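Let's read a structure step by step. Ask about one feature at a time.

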Amino acid sequence: MQIDIVTIFPEFFGVLDVSLLGKARRDQLLALGVHDLRDWTSDRHRTVDDTPYGGGAGMVMKPEPWGAALDALLGEPAAGDSGDDGEQADAVVIFPTPAGVPFTQALARELANERRLVFACGRYEGIDARVADYAATRARVLEVSLGDYVLNGGEVAAMAMIEAIGRLVPGVVGNPESLVEESHEAGLLEHPSYTKPQVWRGLEVPAVLRSGNHAHVAAWRHEQSLERTRRVRPDLLPDDQR
């Protein structure tokens, strides 16, 4: 998988060189390109924002550098063509935004099957809306929200999405079975986990996990997942299971 990130803070993404994603890059399971939006500006101040039409607080990111960045990454449209009738790039362009669809495990799994992802990280009051409209003529576009809150920019959200997606790419996680039992994979939160020692500070590992009876362990884990989901995230359950 190829992942490209466009941002005005490329240094933000140095953390992707560590842990499993860093190993996946070294093993060539993931290719990552981090691009500075200011490289596509044309003035000496490398300006990327301007005041909003209609008034209001804050600044809006200008469409010109974003258009140039997308053309560089997705390929130039045909001469004289706005992109409307051109061939679409084999990529998904993702705009992290609190106004987008919720990011879920199901969406992460869907995106893990894509060949290429391009993350467009906005700042200030966001990116000029025409940029997403233009990108949609060149590639599949998703506006995605990490949650019902506002961040200073799209970088943190992009990093969270990249980690959630990247670990689902085959070969990135050493034991693929560990992905199956995680929270949200079966619509439930994950059951609690324990390791040695058997007793720690007076707290004991549940006896069923030491029984060696795999059927009982599986039943206990499912019940624990159901109970935890009912207590913490009842919205994930059908009405008759809440």
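This is a predicted model: local features need pLDDT of at least 70, side-chain atom pairs count only at pLDDT 80 or more; totals for chains, interfaces and linings use all residues.

Q: How much space lies in the largest cavity?

A: About 50 Å³.

Q: Which residues line the largest cavity?

A: Its lining is made of Ile3, Leu16, Leu21, Arg25, Leu30, Ala31, Leu32 and Ile162. Next, look at the elements. Two of them, α1 (19-26) and β2 (31-36), each give two or more residues to this lining.

Q: How does the lining of the largest cavity divide by class?

A: Seven of its residues are nonpolar, none is polar and one is charged.

Q: How many residues line the largest pocket, and which lie nearest its centre?

A: The lining has 27 residues. Pro96, Thr97, Pro98, Glu125 and Gly126 are the ones nearest the centre.

Q: Which elements supply at least two residues of the lining of the largest pocket?

A: They are β5 (92-102), α4 and β7. The largest share comes from β5, with five residues. By class, the pocket lining has 15 nonpolar, eight polar and four charged residues.

## The whole chain

Q: How many helices and strands does the protein chain have?

A: Seven helices and nine strands. Its C-alpha trace spans about 70 × 40 × 40 Å along the principal axes.

Q: What percentage of the residues in the protein chain is buried?

A: The chain has 242 residues, and 38% of them are buried.

Q: What share of the contacts joins residues 24 or more positions apart?

A: Take the contacts with a separation of 6 or more. Residues 24 or more positions apart account for 73% of them.

## Side chains one by one

Q: How many aromatic pairs are there?

A: The count is one. It is formed by phenylalanine 12 and phenylalanine 13. Their ring centres are 6.2 Å apart, with 50 degrees between the planes, and the pair is tilted.

Q: Why does phenylalanine 13 count as buried?

A: The cut-off for buried is under 20% relative accessible area. Phenylalanine 13 is buried because its value is 3%.

Q: Where does threonine 137 lie?

A: Find the loop between α4 (129-135) and β7 (140-145). Threonine 137 has a relative accessibility of 16%, so it counts as buried. Its side chain reaches the backbone oxygen of tyrosine 134 at 2.6 Å.

Q: Which residues does aspartate 128 touch, not counting those up to four places away in sequence?

A: Aspartate 128 touches Val60, Met61 and Pro63. Its place is in the loop between β6 (116-120) and α4.

Q: What separates the C-alpha atoms of arginine 167 and alanine 112?

A: The distance is 8.4 Å, although the two are 55 residues apart along the chain. Arginine 167 is found in the loop between α5 (155-166) and α6 (177-180). With a relative accessible area of 24%, arginine 167 is partly exposed.

## Backbone angles

Q: Which residues does a cis peptide bond join?

A: Start with the rule. Most residues other than glycine have a negative phi, and most peptide bonds are trans. Here a cis bond joins lysine 196 and proline 197, with omega at about 10 degrees. Proline 197 lies in the loop between α6 and β8 (199-200).

Q: What is phi of serine 19?

A: Near 60 degrees, a positive value in a residue other than glycine. Serine 19 is found in helix α1. At 60% relative accessibility, serine 19 counts as exposed.

Q: What is phi of arginine 201?

A: Near 50 degrees, again a positive value in a residue other than glycine. Arginine 201 is found in the loop between β8 and β9 (203-204). Its relative accessible area is 73%, so arginine 201 is exposed.

Definitions and conventions
Residues are numbered from 1 along each chain as its sequence is written. Side-chain values use heavy atoms; hydrogens and water are left out. On a 1 Å grid over the protein atoms alone, a cavity is a set of points where a 1.4 Å probe fits but cannot get out, and a pocket is an open set with protein on both sides within 12 Å along at least five of seven lines; lining residues have an atom within 4 Å of a point. Grid points are joined across faces, edges and corners, and a volume is the space filled by probe spheres set on the points. Helices (H or I, at least four residues) and strands (E, at least two) are DSSP runs, numbered from the N terminus. Ala, Val, Leu, Ile, Met, Phe, Trp, Tyr, Cys and Pro count as nonpolar, Asp, Glu, Lys and Arg as charged, and the others, Gly among them, as polar. Rings of Phe, Tyr and Trp (its six-membered ring) pair if their centres lie within 6.5 Å; planes under 30 degrees apart count as stacked, over 60 as edge-to-face and the rest as tilted. Buried means under 20% relative accessible area, exposed over 50%, partly exposed in between (1.4 Å probe, protein chains only). A polar contact is a pair of N or O atoms within 3.5 Å; within protein, one must be able to donate a hydrogen and the other to accept it, and residues adjacent in sequence count only if both atoms are side-chain atoms. Contact means heavy atoms within 4.5 Å.
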